[in-house]
Amino acid sequence: MNDNILRIAIQKSGRLSEDSLKLIKECGIRFDNGAGKLKTDATNFPAEILFLRDDDIPGYVEDGVAHLGIVGENVSEESCKDVDTVHKLGFSKCRLSIGVLREAEYNGVQDLQGKSIATTYPRLLEQYLKSHDVTADIHEISGSVEIAPSIGLADAVCDIVSSGSTLLSNGLKEVETIFRSEAVMIASKHLSPVQQDLLDQLLFRIKSVQVAKN
Ligand code: PRP
Ligand code: ZN
Ligand code: MG
């Protein structure tokens, strides 16, 4: 593998995609991203951009297949992969919250005892419940989590809330916030000296972009 370029993995489509692309462009890195292309070369910086599912990014970075990744802290924390979080990016702010049906009675986290909770974040949820001495039945599902209570699949959900409109339109209310998240840059622990130097250059540019915005 070429140790003299940086492979940067970003989300293919979703909440982080647009701002991730924008950040890379604002750092002065040029590339053409033809529709449907999953890999593209930068034209004026020794980098390649990979377009992946966000959930897969921490694993690729841990393995060193990608050297850098832009993901939500929620995805990185849940993955438990061995990567370095090198910078907070300030966009895609959201929270991981527990929601129950709007009409359900809810007086506190102890009300979740013995209940079933659907989530894409079983590890973060488990930690939270443990720290509150609550035992619940965690149903791991990979998407459309918010539908679970209304179809009788679970009593509650634990999922990402940004505007809150997904919860609202599925008849749910937010009752606990268990984690706050934003986009972060993660890096492989096995960078070559050249890649480390490229990462430093990139971080310098990112920080300049952030300063210019404030
Ligand atoms: C999250 C979550 C909801 C939505 C909530 O998905 O799963 O679907 O965002 O946002 P809202 O409060 O603004 O309605 P995410 O974008 O993280 O995508 P993914 O679950 O497909 O990875
Ligand atoms: Zn995802
Ligand atoms: Mg979702």
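Colleague: Quick one to start: is Ser-144 buried or exposed?

Modeller: Ser-144 is exposed, because 12 other C-beta atoms lie within 10 Å. The cut-offs are these: buried takes 20 or more other C-beta atoms within 10 Å of a residue's own, exposed takes 12 or fewer, and partly exposed is in between, with C-beta atoms placed from the backbone. Residues are numbered from 1 along each chain as its sequence is written, while chains are lettered from A and ligands numbered from 1 in the order in which they are written. This is a predicted model, where local features need pLDDT of at least 70, side-chain atom pairs count only at pLDDT 80 or more, and totals for chains, interfaces and linings use all residues.

Colleague: Okay, and where does Ser-144 lie?

Modeller: Ser-144 is in the loop between strand 8 and strand 9. Helices (H or I, at least four residues) and strands (E, at least two) are DSSP runs, numbered from the N terminus. The phi of Ser-144 is positive, near 50°, and the residue is not a glycine. Most residues other than glycine have a negative phi.

Colleague: Which other non-glycine residue has a positive phi, of about 55°?

Modeller: That would be Asp-133. Asp-133 sits in the loop between helix 4 (122-131) and strand 8 (137-140). Asp-133 counts as exposed because it has 9 C-beta neighbours inside 10 Å.

Colleague: Let's zoom out. How many helices and strands does the chain have?

Modeller: The chain has 6 helices and 11 strands. Of its 214 residues, 34% are buried. Along the principal axes, the C-alpha atoms fill a box of roughly 55 × 35 × 30 Å.

Colleague: And which domains does the assignment give?

Modeller: Domain 1 (6-92 + 182-213) and domain 2 (94-181). Those bounds come from an automatic or database domain assignment. The centres of the two domains, taken over C-alpha atoms, are 29 Å apart. Domain 1 puts 9 residues into the contact and domain 2 puts in 9 residues. Two residues are in contact if their C-beta atoms, placed from the backbone, lie within 7 Å.

Colleague: Which element gives the most on the domain 1 side?

Modeller: Helix 3 (residues 73-79), with 4 residues. By class, that side of domain 1 has 1 nonpolar, 3 polar and 5 charged residues. Here Ala, Val, Leu, Ile, Met, Phe, Trp, Tyr, Cys and Pro count as nonpolar, Asp, Glu, Lys and Arg as charged, and the others, Gly among them, as polar.

Colleague: Now the ligand. Why does ligand 1 lie between the domains?

Modeller: Both domain 1 and domain 2 give residues to the shell around ligand 1, so the ligand lies between them. Among the residues around ligand 1 are Arg-15, Asp-54, Asp-159 and Ser-163. A residue is near a molecule if its C-beta atom, placed from the backbone, lies within 6 Å of it. Strand 9 gives the most to the shell, with 3 residues. By class, the shell has 2 nonpolar, 7 polar and 3 charged residues.

Colleague: Strand 9 again! How does strand 9 pair with strand 6?

Modeller: Antiparallel, over 6 bridges. Val-100 has Ala-156 in strand 9 as its bridge partner. Strand 6 (residues 94-101) also pairs with strand 10 (residues 172-181) in the antiparallel sense, over 8 bridges. To pair, two strands need at least two bridges found by DSSP.

Colleague: What about strand 4, how many of its residues are buried?

Modeller: 5 of its 5 residues are buried. Leu-68, Ile-70 and Gly-72 are on one side, and Gly-69 and Val-71 are on the other. In a regular strand, side chains alternate between the two faces of the sheet. Strand 4 runs parallel to strand 1, with 2 bridges, and antiparallel to strand 11 (residues 183-187), with 5 bridges.

Colleague: Last topic: which residues of helix 1 are buried?

Modeller: In helix 1 (residues 17-26), they are Ser-20, Leu-23 and Ile-24. They are on the same side of helix 1 because they cover an arc of only 95° around the axis. That arc is the one spanned by the directions from the helix axis to the C-beta atoms. The buried residues pack against strand 1 (6-11), strand 3 (47-52), strand 4 (68-72) and helix 6 (193-213).
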